[in-house]
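Welcome! Here is a short briefing to read with the model open beside you. Take your time and find each residue as you go.

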Amino acid sequence: LIADRDSGKEKKHLVFKDQETKNFMYKYLSVSEIENLMSVDQLKRNLPLLTNRIVKEKISAVAFSEHEYKHVKLGQLFTLNKYRNAIPHSLFEKSGTLKPHYKLKFARILSQSMAWNEMSNSAKKLTKEIYDFLIS
């Protein structure tokens, strides 16, 4: 079971962590949301596929790093002044996470274009941990 790093849910995380067995692993992400594991290149290439309201040239022109969005929700990042015009705020919940419709669509888009050499180091590490658990 993989969980986002949601604040206020520490007790839930501890309960699941205590239930781990050789057949059940609970993984608490090191990033705010699962989509924060994506590399900058993956975000820039795939976010415009969510809706035609995201202009590829606008998001491509914006310089940002994985460090900037590792511990904040993407909506929080893209509402900062220097990124304000890259992505419409209507794609995000007030909390800063992608709205459920867009989160599901983004997952489907990414699952069609995922390549190991484009993955962030955090995503590669998680993938290896899952693989090692499955083969053990």
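Let's begin with one leucine: Leu74 touches Glu35, Asn36, Leu43, Tyr69, Phe92 and Gly96, leaving aside residues up to four places away in sequence. Keep in mind as you look that this is a predicted model.

**Helix 5: Leu74 and Gly75**

- Leu74 is part of helix 5, and Gly75 belongs to this helix as well, which covers residues 74-77.
- Is Leu74 buried or exposed? Its relative accessible area is 2%, so Leu74 is buried, because buried means under 20%.
- Gly75 is buried too, with a relative accessible area of 3%.
- Not counting residues up to four places away in sequence, Gly75 touches Phe92 and Gly96; Phe92 and Gly96 are also among the residues that Leu74 touches.
- For Leu74 and Pro88, 14 residues apart along the chain, the C-alpha atoms are separated by 12 Å.

- Helix 6 runs over residues 100-113, and its 14 residues reach 20 Å from the first C-alpha to the last, close to the 20 Å expected at 1.5 Å a residue.
- Which residues of helix 6 are buried? They are Tyr102, Phe106, Ile109 and Leu110.
- Looking down the axis of helix 6, you find these buried residues within an arc of 95 degrees, so they line one face of the helix.
- Here is a handy rule for reading such a pattern: an α-helix has 3.6 residues a turn, so residues three or four places apart point the same way.
- Turned away from the buried side of helix 6 is a face with the exposed residues Pro100, His101, Arg108, Ser111 and Gln112.
- Helix 2, residues 40-46, is included in what covers the buried residues of helix 6.

**Helix 7: another buried face**

- Helix 7 has 15 residues and reaches 21 Å from its first C-alpha to its last, close to the 21 Å expected at 1.5 Å a residue.
- The buried residues of helix 7 are Ala123, Lys124 and Leu126.
- Seen down the axis of helix 7, its buried residues fall within an arc of 165 degrees, so they too line one face of the helix.
- What do the buried residues of helix 7 pack against? Their partners are strand 1 (2-3) and strand 2 (27-28).
- Asn121, Lys125 and Ile135 are exposed on the other side of helix 7.

**The largest pocket**

- The largest pocket has a volume of about 370 Å³.
- Its lining is made of 18 residues, and those nearest the centre of the pocket are Ile34, Met38, Ala107, Leu110 and Met114.
- Which helix supplies the largest share of the lining? Helix 6 does, with six residues.
- Helix 6 and helix 7 (121-135) each give at least two residues to the lining of the largest pocket.
- By kind, the lining residues divide into 14 nonpolar, two polar and two charged.

- Thr51 sits in the loop between helix 2 and helix 3 (56-61).
- With 12% relative accessibility, Thr51 counts as buried.
- Lys17 lies in helix 1, residues 10-18, and is partly exposed, with a relative accessible area of 42%.
- How far apart are the C-alpha atoms of Lys17 and Ser111? They are separated by 27 Å, and the two residues are 94 places apart along the chain.

Note on methods
Residues numbered from 1 in each chain as written. Predicted model: local features only at pLDDT ≥ 70, side-chain atom pairs only at ≥ 80, totals over all residues. Heavy atoms only, no water. Helix = DSSP H or I, 4+ residues; strand = E, 2+ residues; numbered from the N terminus. Expected span 1.5 Å × (residues − 1). Buried < 20%, exposed > 50% of the residue type's maximum accessible area, 1.4 Å probe, protein only. Arc of directions from axis to C-beta. Contact = heavy atoms within 4.5 Å. 1 Å grid on protein atoms, 1.4 Å probe; cavity = no way out; pocket = protein on both sides within 12 Å on 5 of 7 lines; lining within 4 Å. Points joined across faces, edges and corners; volume = space filled by probe spheres on them. Nonpolar A, V, L, I, M, F, W, Y, C, P; charged D, E, K, R; others polar.
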